[in-house]
Amino acid sequence: MSKPDVLAVAKLHPFYLKALESVYTVHDRTHVTDPAAFTALAPRIVGVAGTGEASVPGSLLAQLPHAKVVSVFGVGYDGVDVAAAIAQGIPVTHTPDVLTDDVADLAMGLVLSVGRTIPQADQFVRAGQWPSGPMALGRKVSGARLGIVGLGRIGKAIARRASGFGMSIAYTARTEKTDSGFQFFPSATALAAQVDFLVVITPGGAGTKHLINADVLKALGPRGFLINVARGSVVDEQALVDALQNGTIAGAGLDVFANEPQVPEVLRGLRNVVLTPHMASATTETRQAMADLAFANMQAGTSGTPLRTPVPECAALTK
C-alpha cells in the first residue's frame, strides 16, 4: 500500500524529514526541480511541509486541491500566504513554545557577547596579543537598561532572564501588555532612546519590514547595542551597517540577516559585531521537539484530527 504524498517546500531538518518519511512519501521541492512531474503529482499532495524561511505562495496552494495542512517547522511563517490558505480551507501550523527557551538563551548570550566583547576576547588570547597588554574595556551588562521589541512568548522569556541580571526592562509591541509589569513605549524609536540594549524579537513579514531603521538606530545612540533574533527583514541592514561604521551605535549581535545565508562582507569585517548563523533554536533537544510537533501537526491535518498548534489566523479553521 502506497504512502500518502506530501510536498517539502524547503530543505527540511533531518529529524522532521525522517519522521515524515516513516508515514509519507516526501517529494522534495518537486514544484521547483521538475515542474512537469509536479503537474501530475499535485492532485495527490495531502500536506505541505516547510520551515520558517519557506515560501508557500497562494499560486502554489491553488495547485494542491487535496492539501489538508501546511506544517511549518519553526515559529515564524511569514513566507506562507496564510490568507490564500484560509480561502482554500487549508490550515497552517507552526511550532511555538518548544523553542522559546533556546531563543531567549541566545538573545541573552548575544547581549553578554557584545557587551563584554567575549568573542573578541577569545580572538585576542588565541592571537597571542595578551602578553602585549590588556584588551579594551567592555560594557557592564548587569543593571543596564534592556528594551524588547515584541513582548510575546520569547520576549517575555528574554525579560525573565534579563531580570536575573538586574536589568531594567521596557518594551514596545503592537499593543500594550498591561499585566507585564514593564514600561511600555509606543514605538521602537521611543524605546531605543531609553535603553542600552535593544533586543528585536518580533515576527517578520511586510508589517515589520525595516521596523528598525536609521531613526531607531540614531535614537539607540553611540553607547547602545542592537540584538536581532527575529528576522533579517525587520532591520534595515544597510542602515545598520552605516550605523556600525559611523559609530551611531556601539555594536550589534545578529543571528539573522536579510539574505541568509549570505552575510554582507562589510558586516563580517566589523569588529563591533557578533554574528551567529541563525542558530537561536539550534540545540538537539529543541530541534527534536520542533520536529515532533511539526510531524504531529502534519499527521493531525492529514487525518482530520485536531491540530496541535495552528497559527493564530487559522484558529477558526480548526474548531
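At 69% relative accessibility, R126 counts as exposed, where exposed means over 50% relative accessible area, buried under 20% and partly exposed in between (1.4 Å probe, protein chains only). The model is a predicted one, in which local features need pLDDT of at least 70 and side-chain atom pairs count only at pLDDT 80 or more, whereas totals for chains, interfaces and linings use all residues. Residues are numbered from 1 along each chain as its sequence is written, and side-chain values use heavy atoms, with hydrogens and water left out.

The exposed residue R126 forms a salt bridge with D122, the closest N and O atoms being 2.7 Å apart; a salt bridge is here a side-chain nitrogen of Lys or Arg within 4 Å of a carboxyl oxygen of Asp or Glu. Because R126 and D122 lie 4 residues apart in helix α7 (residues 118-126), they are separated by about one helical turn. Helices (H or I, at least four residues) and strands (E, at least two) are DSSP runs, numbered from the N terminus. D122 counts as partly exposed, at 35% relative accessibility.

A search of the whole structure finds 10 salt bridges. In general terms, side chains of opposite charge can pair when their charged atoms come close. One of the contacts is the salt bridge in which the side chains of D97 and R153 meet, with an N to O distance of 2.7 Å. This pair links distant parts of the chain, since D97 lies in the loop between β5 (92-93) and α6 (100-115), R153 belongs to helix α8 (residues 153-163), and the two are 56 residues apart. D97 is partly exposed, with a relative accessible area of 45%, and R153 is also classed as partly exposed, at 48% relative accessibility.

R161 is partly exposed at 23% relative accessibility, and D101 is partly exposed at 44%.

Turning to the strands, D5 and L7 point one way from strand β1 (residues 5-8), while V6 and A8 point the other way, and all are buried. Strand β1 pairs with strand β2 (residues 25-28) in the parallel sense over 4 bridges, two strands being taken to pair if DSSP finds at least two bridges between them. Within this pairing, L7 stands opposite H27 in β2. Together with helix α1 (residues 14-21), β1 and β2 make a right-handed β-α-β unit; a crossover is right-handed if, with the strands pointing away from the viewer, the path from the first strand over the helix to the second runs clockwise.

Strand β1 is also joined by 4 bridges to strand β3 (residues 45-51), and the two run parallel, with V6 standing opposite G47 in β3. Strand β3 is in turn joined to β4 by 4 bridges, again in a parallel arrangement, and the bridge partner of G50 in β4 is V72. From strand β4 (residues 70-73), V70 and V72 point one way and S71 and F73 the other way, and all are buried. Strands β4 and β5 pair in the parallel sense over 2 bridges, with V70 opposite V92 in β5.
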